[in-house]
Amino acid sequence: MEPLNFLREKARQLLEQNTNDEHKRRKFEIIYEKLKDDGCFLDMDIEHGYAVLRDLEIDENSIRDLYSKLISK
């Protein structure tokens, strides 16, 4: 699966899992909407990109490689 589509699916799953927690639900709604833009990681700085990946519970050891793939388009 393409990395961005994987992240979109992960965001959708986390959004569904956190329907009872208003703060988390809102956070994942924002991330989910942001990920609809194919160039979203190109529009944010590295700190925000890493933060989104951490919020999506991406393994810390995979973040650097995944982020590189997302911005290399």
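A residue is called buried when its relative accessible area is under 20%, exposed when that area is over 50%, and partly exposed in between, as computed with a 1.4 Å probe on protein chains only. By this criterion Glu57 is exposed, with a relative accessible area of 53%. The structure is a predicted model, in which local features need pLDDT of at least 70 and side-chain atom pairs count only at pLDDT 80 or more, while totals for chains, interfaces and linings use all residues. Residues are numbered from 1 along each chain as its sequence is written, and side-chain values use heavy atoms, with hydrogens and water left out.

Helices are taken as DSSP runs (H or I, at least four residues; strands would be E, at least two) and are numbered from the N terminus. Two packed helices are described by the angle between their axes and the distance between the axes. Axes are lines fitted to C-alpha atoms, for helices over the stretch in contact, and angles run from 0 to 180 degrees between N-to-C directions. Angles under 35 degrees count as roughly parallel, over 145 as roughly antiparallel, 65 to 115 as roughly perpendicular, and the rest as oblique.

Helix 1 and helix 2 pack at an angle of about 155°, and their axes are 9 Å apart; the two helices are therefore roughly antiparallel to each other. Helix 1 passes helix 2 in a left-handed crossing, a term used if the near helix is turned anticlockwise from the far one by less than a right angle, whereas clockwise gives a right-handed crossing. Contact means heavy atoms within 4.5 Å. On the side of helix 1, Arg8, Ala11, Arg12, Leu14 and Leu15 meet Arg25, Phe28, Glu29, Ile31 and Tyr32 of helix 2. By class, this contact has 6 nonpolar, no polar and 4 charged residues. Here Ala, Val, Leu, Ile, Met, Phe, Trp, Tyr, Cys and Pro count as nonpolar, Asp, Glu, Lys and Arg as charged, and the others, Gly among them, as polar.

The loop between helix 1 and helix 2 holds Asn18, which is buried at a relative accessible area of 14%. Leaving aside neighbours within four places in sequence, Asn18 is in contact with Lys24, Arg25 and Phe28. His23, by contrast, lies in helix 2 and counts as exposed at 62% relative accessibility.

Helix 3 (residues 46-55) and helix 4 (residues 60-71) pack at an angle of about 125°, with their axes 10 Å apart. The pair is therefore oblique, and the crossing is right-handed. Ile46, Gly49, Tyr50, Leu53 and Arg54 in helix 3 meet Glu60, Ile63, Arg64, Leu66, Tyr67 and Leu70 in helix 4. These residues divide into 7 nonpolar, 1 polar and 3 charged.

Within helix 3, the residues Gly49, Tyr50, Val52 and Leu53 are buried. Seen down the helix axis, the buried residues fall within an arc of 155°, so they line one face of helix 3; the arc is that of the directions from the helix axis to the C-beta atoms. The elements that cover these buried residues include helix 1 (3-17), helix 2 (22-34) and helix 4.

Met44, in the loop between helix 2 and helix 3, counts as buried at 14% relative accessibility. Not counting residues up to four places away in sequence, Met44 touches Lys34, Gly49, Val52 and Tyr67. Met44 and Ser68 are 24 residues apart in sequence and 13 Å apart in space, C-alpha to C-alpha. Glu57 is found in the loop between helix 3 and helix 4, and its phi is near 60°, a positive value in a residue other than glycine.

Helix 4 also packs on helix 1: the axes of these two helices come within 9 Å and cross at roughly 115°. Pro3, Leu4 and Leu7 of helix 1 make this contact with Leu66, Lys69 and Leu70 of helix 4. The residues involved divide into 5 nonpolar, no polar and 1 charged.
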